Amino acid sequence: MKPYLCILMICLIYAQAWSQADVQKRYQTKLIMAEDGSTIDLDQGTFTFTSTLSLQDKKRIVIRGKGVDKTVLSFKGQTDGAEGLRVSNGENIVIENLTVQDSKGDGIKTMNVKGITFRNVKVEWTGGPKAENGGYGLYPVQCDNVVIDQCTAIGASDAGIYVGQSRGIVVKNSKAHHNVAGIEIENSKNADVFDNEAYENTGGILVFDLPDLVQKQGGNVRVFNNYVHDNNLPNFAPAGNIVASVSDGTGLLILAANGVEVFNNRFIHNQSVNTGIISYLLTELPIKDKAYYPFSTAVSIHDNVYERKPGPASQRGRYGKLFEQILKGGQEVPNIIYDGIADPATFDKDGKPLADKRICIRNNKNQSLVNLDAGRGFKNVSLDAAAFDCQLAPLKATAVNAR
Amino acid sequence: MLANGMRTYLFGSLSVLVAWLTLVSWRTAAVPEKLSEYGFFTGKLADQQPAAGVVPYTLNTPLFSDYAEKLRFVKLPAGQAVAYNDTSVLNFPVGTTLIKTFYFSNDFRNPAKGRRLMETRLLVHQAEGWKAFDYVWNDEQTDAVLEVAGDTKMVRYIDAKGENRQHAYMIPNLNQCKGCHNRNEVMVPIGPSIRQLNGDLAYTGKKENQLAHWQRSGMLTGLPALSTCPKTPVWNKPETGSLNDRARAWLDINCAHCHNPNGPAMTSGLNLRISETDPTALGILKPPVAAGRGSGGHQFDIVPGKPDESILIYRLHSTDPGEMMPELGRKTVHTESLALLREWINAMK
């Protein structure tokens with residue numbers, strides 16, 4: 001009996017001490033002490049943290065809440081660290097069934113993780129779209145085998161769901177709204193983005209390759225079966241970020257990306273650029289990275305559905321004024337915009353584009369397109385789709401072994 | 001109702017006990033609970049008088065840590081030395097402990113008025129690699145206790161200008177240690193390189209160059225003539241180096257532990273190592289990648305001649321955790337180093 005009483009006393013003393021202890025310490029200690037292969041179960045309720053929670057150097061960990069909006073990790077009033085939750089240098093990590101709110105910087109950042117799954121996770125800034133909101137909602141960077149499934153991102157001042165400098169990516173069944181960019185795949189190789197809904201962002205889905213980064217070039221990105229609509233939110237990104245140059249009214253924007261297949265999507269009521277294919281040169285930013293390739297090549301846009309309300313493009317971005325100049329009276333803003341800035345090396349000696357580097361646009365419902373010829377001062381702006389009536393070999397699917 | 005509450009309480013207590021036992025077993029397995037158990041110091045622990053084999057050292061240009069002052073010591077394994085290399089942090093042998101105590105003087109103008117020790121951080125080179133342990137000083141200043149989850153404490157002092165200061169001081173958790181001490185995801189020391197150690201220190205009253213002292217006492221092998229060793233200037237002493245050299249030295253120790261091609265900030269493409277020669281990698285007219293509102297609305301990390309349009313200055317000036325740099329360990333603005341960096345950018349053409 002005596003040892004039992006002793007244990008009970010210890011229990012009571014520590015229970016009291018711990019109940020008073022800061023929730024920050026309790027959760028952070030759990031994350032630090034977690035054994036490889038373990039599951040960290042988070043309680044139901046809203047928990048407020050003042051500092052980033054971090055997990056590092058762990059394998060086969062599941063961080064599991066009781067459900068979206070049931071387990072809420074709130075970083076309102078955060079004083080330390082730039083992210084809400086941060087995972088680094090791990091393998092096979094799963095984050096599921098929880099909400100992260102109002103982090104000062106990015107919501108959930110995972111870096112150098114081989115195998116990272118976000119499932120049924122919501123990241124949001126609760127005060128509406130604001131420049132003061134954190135940059136990225138879900139933010140895997142330099143990761144392999146990324147799965148983002150049934151997630152929601154709201155209010156990011158850069159991209160709600162952002163995958164950067166990674167390899168092997170599936171983003172599916174997710175929603176992104178009221179962000180500057182809904183979903184962004186940047187400098188990443190082998191990505192499938194499908195069955196998502198991106199709406200009421202500034203830009204719905206972005207596929208970008210940018211200079212000066214460690215992973216230089218992305219590619220083999222498939223965007224299909226997505227519902228991308230009403231992305232007309234005025235851009236609220238802080239100036240200086242590349243995403244601040246995205247015009248409101250953008251459905252899908254492909255910037256300096258190579259090997260992109262876009263099919264079976266619905267691009268509805270994205271009033272400026274339902275779909276755009278542009279070069280980094282159009283941004284007019286300096287390029288000093290000698291290994292950087294600023295052109296978009298091997299892009300295929302087929303079997304999508306386009307709808308656009310009559311009327312001009314947004315006057316806030318650059319396209320409103322541009323269309324005023326180039327479209328004649330009565331001509332509607334086209335659904336697909338190509339800046340026409342192409343790498344001279346992608347043409348043969350007769351000036352014909354190389355078959356495997358072409359921009360191919362065909363078989364889309366309500367297809368209309370403009371080639372801006374921006375590289376030659378918009379001299380030969382053309383609405384003729386014939387030059388793009390071609391087909392590229394389908395890109396290979398990306399399979400990720402998710403836990 | 002009562003029974004239910006009691007059951008919840010007992011059940012909660014049991015899980016707490018399990019967690020506590022795990023914690024205790026983990027701690028006792030390898031790591032002393034208190035700083036005093038190591039025997040690094042003689043006499044009163046708070047006096048920080050090193051025991052035999054524990055050698056104080058200093059860096060020419062240290063990391064800014066919210067105006068905390070630091071006492072640094074190294075303890076090499078008995079009979080072993082570290083080999084000279086002039087390109088990176090010294091490769092200390094397994095068994096080495098680096099000891100760093102953070103404190104605030106009550107009055108920066110008069111150290112005799114006492115001080116408050118905040119924490120003592122240990123980097124221990126074990127067979128499987130470097131490990132970090134942080135010991136937080138108690139209010140009585142009698143000992144420091146191991147803390148894995150970090151803490152935040154308020155500090156008060158009179159600064160060098162005679163002004164009363166009060167601010168939060170952050171003690172990192174174990175993961176945050178590696179947030180900075182990280183090279184290719186392996187924990188490493190940051191400070192003690194030849195160039196940083198190449199300066200004088202008062203050893204029990206007698207001033208001596210640290211490298212010469214280390215060599216003389218058998219701690220350092222392969223030291224060439226001192227005049228040929230690289231030397232980091234003291235960032236706030238113009239007589240020790242040019243404006244450019246001092247600014248680069250400050251950026252190297254304050255930023256480059258993350259901002260290097262193998263560090264946690266490699267994804268930004270901004271590299272602030274002292275050895276960096278590519279102007280874009282150094283931030284000159286380089287657009288940001290994932291700065292978010294840390295851009296402060298500016299286009300480039302550094303705009304030559306225009307510190308007020310440079311993101312680097314903006315982020316070093318901010319204390320908002322969503323904008324500021326470094327991301328951790330700074331609650332205050334280091335106005336003195338900002339003045340140096342502004343002057344540096346101003347002078348750029």
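**Note on the predicted two-chain model**

1. Of the 403 residues in chain A, 55% are buried (a residue is buried if 20 or more other C-beta atoms, placed from the backbone, lie within 10 Å of its own). The model is predicted: local features need pLDDT of at least 70 and side-chain atom pairs count only at pLDDT 80 or more, while totals for chains, interfaces and linings use all residues. Residues are numbered from 1 along each chain as its sequence is written, and chains are lettered from A in the order in which they are written.

2. The secondary structure of chain A consists of 3 helices and 28 strands (DSSP runs numbered from the N terminus, with helices being H or I of at least four residues and strands E of at least two). Chain A has a radius of gyration of 23 Å, close to the 22 Å from the globule rule for 403 residues, so it is as compact as a globular protein of that length (the radius is taken over C-alpha atoms, and the rule is 2.2 Å times the number of residues to the power 0.38). The C-alpha trace of chain A spans about 95 × 40 × 35 Å along its principal axes.

3. UniProt, in an unreviewed entry, places the feature "domain: Right handed beta helix" at residues 81-208 of chain A; such annotations may be inferred rather than shown by experiment. This span is 0% helix and 68% strand, and its end C-alpha atoms lie 27 Å apart.

4. Between the chains, 47 residues of chain A are in contact with 45 residues of chain B (contact requires C-beta atoms, placed from the backbone, within 7 Å). H1(A) supplies the largest share of the chain A side, 7 residues. By class, that side has 22 nonpolar, 18 polar and 7 charged residues (nonpolar: Ala, Val, Leu, Ile, Met, Phe, Trp, Tyr, Cys and Pro; charged: Asp, Glu, Lys and Arg; polar: the others, Gly among them).

5. Which residues of H2(A) are buried? They are Gln24(A), Tyr27(A), Gln28(A), Thr29(A) and Leu31(A). The buried residues of H2(A) pack against strand S1 (39-41) and S3 of chain A.

6. In chain B, 6 strands form an open antiparallel sheet in the order S3-S4-S6-S7-S8-S9 (strands pair if DSSP finds at least two bridges between them). Strand S3 (54-57) and strand S9 (144-146) of chain B stand at the edges with a single partner strand each, so one side of each is left without a neighbour in the sheet.

7. Within this sheet, 7 bridges join S4 (residues 69-75) to S6 (residues 97-105) of chain B. Glu69(B) has Tyr103(B) as its bridge partner in S6(B).

Methods. Two residues are in contact if their C-beta atoms, placed from the backbone, lie within 7 Å. A residue is buried if 20 or more other C-beta atoms lie within 10 Å of its own, exposed if 12 or fewer, and partly exposed in between; C-beta atoms are placed from the backbone.
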